[in-house]
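Please keep the sequence and the coordinates at hand while reading.

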Amino acid sequence: MAVASSCLVKLRPGLRQAGPFHRSAECSIRASNALILQAASRHLASYEVPPLPGSSHGLWIGGEEQPASGGDKFTVSNPANLEPLCEVAEGRAADVDKAVATARTAFEDGSWSKMPPRKRAEVLSRAADLLARNLPALAEIESLSTGRCLREYKAQLARVPDWLVYHGQLASTFEGRAPPFSDEDHACVVTRVPLGVCALVTPWNHPLLIAVKKAAPALASGNTVVVKPPELAPVAVLELGKILQAAGLPPGVFNVVPGLGGVAGAALCAHPQVAKVDFTGGTETGRAIGAVVGLKVAPFCAELGGNCAVLVFNDVDDLSEAVDGVAFGAFVASGQTCVSAKRVLVEASLYGAFVERLARKARGLALGCPMDGATQMGPLVSARQLQTVEKQVEQAVREGARVVTGGRRAPLERCRQLPGHFYEPTVLTDVSRTNHVFQEEVFGPVVSVTPFATEAEGLELANDSKYGLGAVIWTSNVKVAHRMARDIQAGVVWVNAHHRNDPSAPWGGFKESGIGRENGLDSFLEYTQSKSVVFRLAASKEDWFGDTTARYS
């Protein structure tokens with residue numbers, strides 16, 4: 001159909017001439033890395049992100065694109081018009097074995113793991129520059145693959161290069177320590193060393209952002225990496241591998257094996273040579289992966305489900321601003337983020353006016369082709385996701401919830417005649433604490449609104465969840481903001497804002513929302529391990545078996 005086809009937009013050309021911005025660094029790189037950087041220089045001058053529609057993509061192992069060992073492929077489709085976009089090699093256990101072995105060899109040869117941290121930072125800085133130059137094309141790849149609005153990806157991905165720069169600088173300036181020993185005869189030096197091969201399993205809602213959030217600290221601290229990207233949107237992560245190599249990352253340090261989570265993902269997480277697993281996804285899957293990783297006693301980091309509480313107090317400076325902020329938190333990315341606004345708790349005196357304005361805002365959102373600048377909300381990522389959201393809302397209604405607006409698949413006239421996985425932005429009221437949508441995350445554009453009478457009741461409602469990833473407070477009272485932020489059980493709390501993220505700010509959840517942290521110094525520590533070296537300084541000799549007063553510890 002003509003309208004649907006118009007949603008399949010040809011990508012703008014990527015980088016055509018990178019220029020000499022990296023050449024000054026080559027002369028300072030040790031001789032063992034000179035050939036890598038010279039090759040990067042030649043690649044960098046001609047690198048560009050290819051068009052997505054009709055393309056075919058292999059695995060990225062050892063710095064080369066290659067087919068899956070079994071020759072299998074899967075199709076990535078556009079969730080807005082349901083048309084196929086491209087084919088991608090489907091990795092299996094044998095491909096994971098190859099990628100991990102390649103990453104292990106790259107780690108042990110020292111070309112990256114033993115490169116001085118400042119030199120690693122230079123490579124990551126060049127990668128950030130090259131990534132920034134290619135972001136317009138990568139944003140279009142992400143939008144076509146996931147159905148999220150192009151405007152969202154342009155805004156979000158503009159920050160992604162910051163992660164590479166920040167973590168490169170952090171690792172290059174991190175200093176060891178020499179804690180005091182209990183006597184003058186000994187000295188202790190503590191350093192941090194990389195772990196080895198790290199497995200990164202990334203989700204479809206933020207394919208490139210989360211891959212970089214994980215890869216930046218992993219690489220900056222000297223590890224090698226194997227990524228299992230989301231099967232619904234793997235291409236931008238595959239392109240990241242080429243960008244990193246073009247910037248000077250040695251072959252084999254960053255590898256990508258697309259495939260099904262239950263096959264390639266399971267094989268990667270269970271692989272005996274994987275030193276750490278970092279996963280973002282659902283809580284049940286996270287539990288299963290954690291059990292597997294625990295059997296081999298390896299570190300595990302997981303950002304899992306959320307059911308974000310938003311508290312709106314009656315002292316907000318501007319009710320319209322609060323409504324707009326909640327709508328942004330709830331409906332950007334079609335509600336498909338782990339910190340999307342889900343449980344909106346509004347002080348009773350504002351409740352009626354707030355519900356009316358939020359419902360009006362939801363009804364006015366423009367659904368349609370994500371590539372169209374006028375579109376404000378795109379489809380859900382897949383038919384399965386659409387069906388799941390439908391069932392959850394139906395269950396909520398059976399349990400007493402009232403649909404104020406939405407609550408159904410978007411009719412064709414609402415989404416510009418596109419046949420994709422569109423669901424109307426939905427506002428629910430009369431939602432009890434025991435209602436399904438209050439207790440479980442709805443990964444779609446669905447929000448419940450519940451009144452509270454006192455600050456204590458609002459806090460109790462906010463914490464009445466097994467999840468604790470994100471929370472939001474809307475108030476003009478700094479004392480209320482401090483008290484609530486202190487007592488809310490969530491790893492990330494925003495005050496009069498939502499979705500703000502920075503490479504310096506730790507990110508992770510309380511309770512069943514995960515374990516470990518992304519971002520900041522925390523993530524550097526997650527991707528390294530401490531090593532204590534104790535020196536005996538005393539000039540006198542020691543003989544434990546010949547001296548009954550000899551020291552033991």
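P425 is found in the loop that runs between β14 (402-405) and β15 (426-429), where helices (H or I, at least four residues) and strands (E, at least two) are DSSP runs numbered from the N terminus. The model is a predicted one, in which local features need pLDDT of at least 70 and side-chain atom pairs count only at pLDDT 80 or more, while totals for chains, interfaces and linings use all residues. Residues are numbered from 1 along each chain as its sequence is written, and side-chain values use heavy atoms, with hydrogens and water left out.

**The surroundings of P425**

- P425 is buried, with a relative accessible area of 1%; buried means under 20% relative accessible area, exposed means over 50%, and partly exposed lies in between, with a 1.4 Å probe and protein chains only.
- Not counting residues up to four places away in sequence, P425 touches F331, A362, L365, L367, M377, T405, G406, R414 and P445, a contact being heavy atoms within 4.5 Å.

**The loop between α13 and α14**

- A366 has its place in the loop between α13 (348-364) and α14 (383-398), and the C-alpha atoms of A366 and R414, which are 48 residues apart along the chain, are separated by 7.6 Å.
- With residues up to four places away in sequence set aside, A366 touches A374, T375, Q376, M377 and R416; M377 is also among the residues that P425 touches.

**The loop between α5 and α6**

- G147 lies in the loop between α5 (117-146) and α6 (150-157), and G147 is buried, with a relative accessible area of 0%.
- Leaving aside neighbours within four places in sequence, G147 is in contact with P79, E142, P370, G378 and P379.
- G147 and G420 are separated by 273 residues in sequence, while the distance from C-alpha to C-alpha is 9.0 Å.

- A333 sits in the loop between α12 (319-331) and β13 (341-347), and its phi is near 60 degrees, a positive value in a residue other than glycine.
- S334 has its place in the loop between α12 and β13, with a phi near 55 degrees, again a positive value in a residue other than glycine.
- Both residues count as buried, A333 with a relative accessible area of 1% and S334 at 2% relative accessibility.

- S448 is found in strand β16 (residues 446-452) and counts as buried at 2% relative accessibility.
- The residues that S448 touches, not counting those up to four places away in sequence, are K342, R343, V344, L428 and V431.
- C86 is buried, with a relative accessible area of 4%, and C369 counts as buried at 10% relative accessibility.
- A search of the whole structure finds zero disulfides, a disulfide being a pair of cysteine sulfur atoms within 2.5 Å.

**The protein as a whole**

- The protein has 18 helices and 22 strands.
- The radius of gyration, taken over C-alpha atoms, is 25 Å, close to the 24 Å that the globule rule gives for 553 residues, so the protein is as compact as a globular protein of that length; the globule rule is 2.2 Å times the number of residues to the power 0.38.
- Along the principal axes of the protein, the C-alpha trace spans about 85 × 60 × 40 Å.
- Of the 553 residues, 57% count as buried, and among contacts between residues at least 6 apart in sequence, 76% join residues at least 24 apart.
- The protein exposes about 22,100 Å², of which carbon and sulfur atoms supply 54%; accessible areas come from the Shrake-Rupley method with a 1.4 Å probe, and for residues only the protein chains shown count as cover.
- There are 55 positive and 56 negative side chains, and the centres of the two sets lie 3 Å apart; Lys and Arg count as positive and Asp and Glu as negative, with His and the chain ends not counted, and the place of a charge is taken as NZ of Lys, CZ of Arg, CG of Asp or CD of Glu.
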